[in-house]
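Biologist: I want to go through the labels one by one. Please set each value against its cut-off.

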Amino acid sequence: MNELKNLARVHDEDLAGQASGAGARALLASITAEEPAAEPAPWFVRVARRRPARRRLALAAAAVAGLVTAAVVGPTVLGERGPATSYASAAIDIELRGDTYVATIKDPFADHAKYTEGFKAVGLNVNLEVIPASPSRVGKIAGMSLSGPLSGNGRSIEAETAPEGCAFGQDGCAMTVRVPHDWAGWARIQVGRSAKPGEKYRNLRPATVVGEMLEGYRADEKTVGEVVAEVQRRGLKAVFQIVLPSPGGEGYSLEPEGARAAEVGDDWIVWDAQSSQAGVVRLLVTKERLPKNPIHSGRPPVG
Amino acid sequence: MDDDRRDRFEAVYTQTYERILGYAMRRCDSPEDAADVVAETFAIAWRRMDAMPAGDEARLWLYGVARNVLANHRRGQDRRRTRHVALDADLADLYARSSAGGDELGVIARALRELPEADRELISLVAWEGLDHGQLATVLGCSRNAVRIRLHRARKRLSKALAAAGVSVGTFVMESA
């Protein structure tokens, strides 16, 4: 230790476990919700300039909108000039109520470009995606990224199901997304719907947190034999994903889910249990016991 | 193939998040700015994944990205554009719990702050991120030899500033790992 080191507001060691915290997971979800555009420009050149990126996004959205316009069933565009104040299609209805646009997602299985098109019609740059999510994220915002000045009323984007608490993705359950009418920035939002039978969840969620399949159980650092017994006791199935720790002890990589599953023995070690799909938990395992949890930096999973 | 890209990104993200968060927190005075830097750095990494090297090199590469993000952030009026509600909450909490060093460090902090930006960043990368000459060369995109010379000069300027402020320079350990 020396004086310069002590000047640091925080040391990396103090941040152990942050990567599995709510903020880190939400950020990850919102970043990976964006379709990665090919960016051939040298990466070091003005990496943080937002304006060109936004223009590119808008152009991409416009191109997509052009392709799908014909497929939208009778969009009702009111208003003579500028953006419309309401929009209706088979996928989404949007109307202005007071100072807020209220978007009602009618078809959670629509191509997400159709939602974007709706928001665009009322002058909002909102990219909305509906993803199959594990139970505790159904009907909720699973990821969000906002950019731009705050709206005049200080509110951000909010979402809720109607009726409240219903399982979005099932009949009779709609989801509304509320956006301040003077929102001038752009946003990416992922909302969770219930998965179809056999469909894998797109969100990443520990299976051991409230509302998930292994609620109340601690799987980390137990043997595969122990955890699989608990999984079966609950009438669930386990799939394995092998964790490959980096040689230096810093970080890890992952085999694809299910790869080399035959090698996994009862004495292997489980580091995390995640919700994979209905009735199936994904166990992240290593052959050897490691000094600290590679997935959660030595801390138990939190959710 | 898209899922594969996501999986690879998530692996890197999970193993470097705390490092980049630390980097940003040590250099930003407000949780909002640190949140912006972290979010923007990883958003760029996602878009530029083809350019991201594997293994520990990814961490160094991300420091380089974060450094550019921070520089643009300080330079422009673009700050406080991106808002991530959960991330903001985590950062506010971390800032509330962290202390920015005691009073006895005030003189040293001031001396460091008043160094030219390039000197300060070089010394910080050694003292805070624990980088050695080879790693510094990777982050800064220059040769090891250039690093050695620049670091030597930066340390000299810091020592001089400290001596002027009445701090005994002999007590300083500024060697890299």
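Modeller: Start with burial: a residue is buried under 20% relative accessible area, exposed over 50% and partly exposed in between, computed with a 1.4 Å probe on protein chains only. The model is predicted, so local features need pLDDT of at least 70 and side-chain atom pairs pLDDT 80 or more, while totals for chains, interfaces and linings use all residues. Residues are numbered from 1 along each chain as its sequence is written, chains are lettered from A and ligands numbered from 1 in the order in which they are written, and side-chain values use heavy atoms, without hydrogens and water.

Biologist: Why is B:C28 called buried?

Modeller: Its relative accessible area is 4%. That is under 20%, so B:C28 is buried.

Biologist: And what makes B:C142 partly exposed?

Modeller: B:C142 has 21% relative accessibility. That value falls between 20% and 50%, so B:C142 counts as partly exposed.

Biologist: How many disulfides does the structure hold?

Modeller: One over all chains. In general, a disulfide is a covalent bond between the sulfur atoms of two cysteines.

Biologist: How do you know that A:C166 and A:C173 form it?

Modeller: The criterion is a pair of cysteine sulfur atoms within 2.5 Å. Those of A:C166 and A:C173 are 1.9 Å apart, so the pair qualifies. The link has 75° about the S-S bond and is right-handed.

Biologist: Are its two cysteines buried or exposed?

Modeller: A:C166 is buried at 18%. A:C173 is buried at 9%.

Biologist: What makes B:Y17 and B:F42 a stacked pair?

Modeller: Their centres are 6.2 Å apart and their planes are at 20°, so the pair is stacked. B:Y17 lies in α1 and B:F42 in α2 (residues 31–47) of chain B, so the pair ties together parts 25 residues apart in sequence. B:Y17 is buried at 0%, and B:F42 is buried at 1%. B:F9, B:Y13, B:Y17, B:F42 and B:W46 form one aromatic cluster.

Biologist: How do you know that B:R27 sits over the ring of B:Y23?

Modeller: The test puts NZ of Lys or CZ of Arg within 6 Å of the ring centre and within 35 degrees of the ring normal. B:R27 lies over the face of B:Y23 at 3.8 Å from the ring centre. A:K222 lies over the face of A:Y217 at 4.4 Å.

Biologist: What does chain B consist of in secondary structure?

Modeller: Eight helices and one strand. Helices are DSSP runs (H or I, at least four residues), strands likewise (E, at least two), numbered from the N terminus. The order in chain B is α-α-α-β-α-α-α-α-α.

Biologist: Why are α6(B) and α7(B) called oblique?

Modeller: Axes are lines fitted to C-alpha atoms, for helices over the stretch in contact, and angles run from 0 to 180 degrees between N-to-C directions. Under 35 degrees is roughly parallel, over 145 roughly antiparallel, 65 to 115 roughly perpendicular, and the rest oblique. Helix α6 (residues 117–127) and helix α7 (residues 133–140) of chain B cross at roughly 130°, their axes coming within 11 Å. They are therefore oblique.

Biologist: What makes α6(B) mostly covered?

Modeller: Eight of its 11 residues are buried. Among them are B:L122, B:I123 and B:V126.

Technical notes:
Rings of Phe, Tyr and Trp (its six-membered ring) pair if their centres lie within 6.5 Å; planes under 30 degrees apart count as stacked, over 60 as edge-to-face and the rest as tilted.
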